[in-house]
Amino acid sequence: MSSADDRGNVNGRAGRRNGGTTVKEFIQKVQSCQPSLNDSLEGEIQAFLFKEDLLHTYDDLTKVNPVTPTTVLKCLQARYNVRVFYTHAGCTLVALNPFQPIPDLYSLDVMKEYHCAPQPQEFKPHIFIVAEEAYRNVQSQLAPVNQSLVVSGESGAGKTWTSRCLMKYYATVAASSSLVKSQDTVERIERRVLDSNPIMEAFGNACTLRNNNSSRFGKYIQLQLDRFQLLVGASVQTYLLEKTRVACQPANERNFHIFYQMMKGATEEQRKEWKMPHEQHFMWLPNAEKTIEEDCFHETLKAMIHLGINTERQRQIFQVLAGILQLGNVNFSSLTDESKPCDLEEQSKDFLQRAAELLCVPADELHTCLRVMTLKAGKQSVLKPCTQAECSMRRDCLAKVIYAQ
């Protein structure tokens, strides 16, 4: 009897005698065909792109053939050039940021057009189609089924604006004039839903290299409808706030909007209360000379009032924010004796005093907190003087923790 290895050798020799190919020969044959396949695909791409005048007519990227990065991007570019900024990709909607106001694209008349249409899918691609489909999915169910819309993209893609449009759409279509008794409640909730945007953007957005209004946090917005599809409640959860930005801003970028709003929109009385004279320079407010559309302090104040944040509560919030800015001007001198706590620079003593007053803490306790570390060993506590770098780090950490609260 032959062994398994012998049988394999016999079969291999038989295969070659009968004109068959070895595995190695087969792989070489496939590889030799590869260039022709690539050439074929390249030919299809060039043939598709040759119809340049038709590229902007593809309102759904699943209709593109062949589907490659080149053909998809060329179609999107062609649509962008004719000022069409929305394109379907199956059940996904691709939105391009026009980087300019397009007021007629999001008007109340356009909202009503999509909301009242028997088949909104037959209309040209728009964020309102996605919004209306989700709204009708809730409406058509015997038992309510939650719907979720995910807005994602790189910085500057337009996520903040898209979220704002969705909230405006639902706040508008969920109002019903047929129920007069409920109308006041719906309008009040609608106003609060929309007014949450300026506040979230003031405290969570910043001017970056790529985007003047970049969200530096994630948010989960929940709109609650009753069985009549009336807006009865809303909640906003935020997460992953970029706290580091409070104390460390990348080159040519800014801190959160709210700090600049305070600097540019405060009254003389508020400046006096916050210990922020006009000539004062704050280390944590780089590029303060730059003015952008989001530097609207009165809009933030108006939104806070509509959300029920009274004047006293506002005063406390802005006082804490002013204290954070004062804290950023506190600097430490290098150590000469490592057995002693690091000293404050002479010009920093006034800033520490102001920060303590604004944060409503004793100045000596704040002073000690920044300069001395408490180490626990069992049941005992040991006080350790901090180096200059450690003092600065403790100052930054304190500011970030306060802001995140």
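Trainee: Let me start at one residue. In which loop does Leu240 lie?

Mentor: Remember that this is a predicted model. Leu240 lies in the loop between strand E6 (231-239) and H8.

Trainee: Is Leu240 buried or exposed?

Mentor: A residue counts as exposed when its relative accessible area is over 50%. Leu240 has 70% relative accessibility, so Leu240 is exposed.

Trainee: Now the inside. Where do nonpolar side chains tend to be in soluble globular proteins?

Mentor: They tend to be buried together. Here the largest nonpolar core has 42 residues. Ile258, Phe259, Met262 and Tyr403 touch the most other members. Several helices give two or more residues to this core, including helix H7 (180-204), helix H9 (257-265) and helix H15 (388-404). H12 provides the largest share, six residues.

Trainee: Which residues does Phe259 touch, beyond those up to four places away in sequence?

Mentor: Phe259 touches Leu285, Leu321, Ile324, Leu325 and Tyr403. Another core lies apart from the largest one. That other core has 20 residues, among them Tyr86, Ile102, Tyr106 and Tyr135.

Trainee: How do I read the faces of a helix?

Mentor: Start with the general idea. An α-helix has 3.6 residues a turn, so residues three or four places apart point the same way. Now take helix H4 (residues 108-116). Val110, Met111 and Tyr114 are buried in H4. Down the axis of H4, these buried residues fall within an arc of 105°, so they line one face of the helix.

Trainee: Which residues of H4 are exposed on the other side?

Mentor: Asp109, Lys112 and Cys116 are.

Trainee: And what covers the buried residues of H4?

Mentor: The cover includes helix H5 (127-139) and helix H6 (159-173).

Trainee: What about His257? Is His257 buried or exposed?

Mentor: The cut-off for buried is under 20% relative accessible area. His257 has 1%, so His257 is buried. You will find His257 in helix H9. Set aside neighbours within four places in sequence. The contacts of His257 then include Glu201, Asn205, Asn212, Ile292 and Glu294.

Trainee: Next, the backbone. Which peptide bond is cis, with omega near 5°?

Mentor: The bond from Asn65 to Pro66 is cis. Pro66 lies in the loop between helix H2 (23-50) and helix H3 (69-81).

Trainee: What is the phi of Phe99?

Mentor: Phe99 has a positive phi of about 55°, although Phe99 is not a glycine. Look for Phe99 in the loop between strand E2 (92-95) and H4. Phe99 is exposed, with a relative accessible area of 62%. Cys360 also needs a look. Phi of Cys360 is near 60°, a positive value in a residue other than glycine. Cys360 lies in the loop between H13 and H14. Cys360 counts as exposed, at 62% relative accessibility.

Trainee: Let me zoom out. How many helices and strands has the protein chain?

Mentor: The chain has 15 helices and eight strands. Buried residues make up 35% of its 405 residues. The accessible surface comes to about 24,500 Å², and 53% of that belongs to carbon and sulfur atoms.

How values were computed: Residues are numbered from 1 along each chain as its sequence is written. This is a predicted model: local features need pLDDT of at least 70, side-chain atom pairs count only at pLDDT 80 or more; totals for chains, interfaces and linings use all residues. Side-chain values use heavy atoms; hydrogens and water are left out. A nonpolar core is a set of buried Ala, Val, Leu, Ile, Met, Phe, Trp, Tyr and Cys residues joined through side-chain atoms within 4.5 Å. Buried means under 20% relative accessible area, exposed over 50%, partly exposed in between (1.4 Å probe, protein chains only). Helices (H or I, at least four residues) and strands (E, at least two) are DSSP runs, numbered from the N terminus. Contact means heavy atoms within 4.5 Å. The arc is that of the directions from the helix axis to the C-beta atoms. Accessible areas come from the Shrake-Rupley method with a 1.4 Å probe; for residues, only the protein chains shown count as cover.
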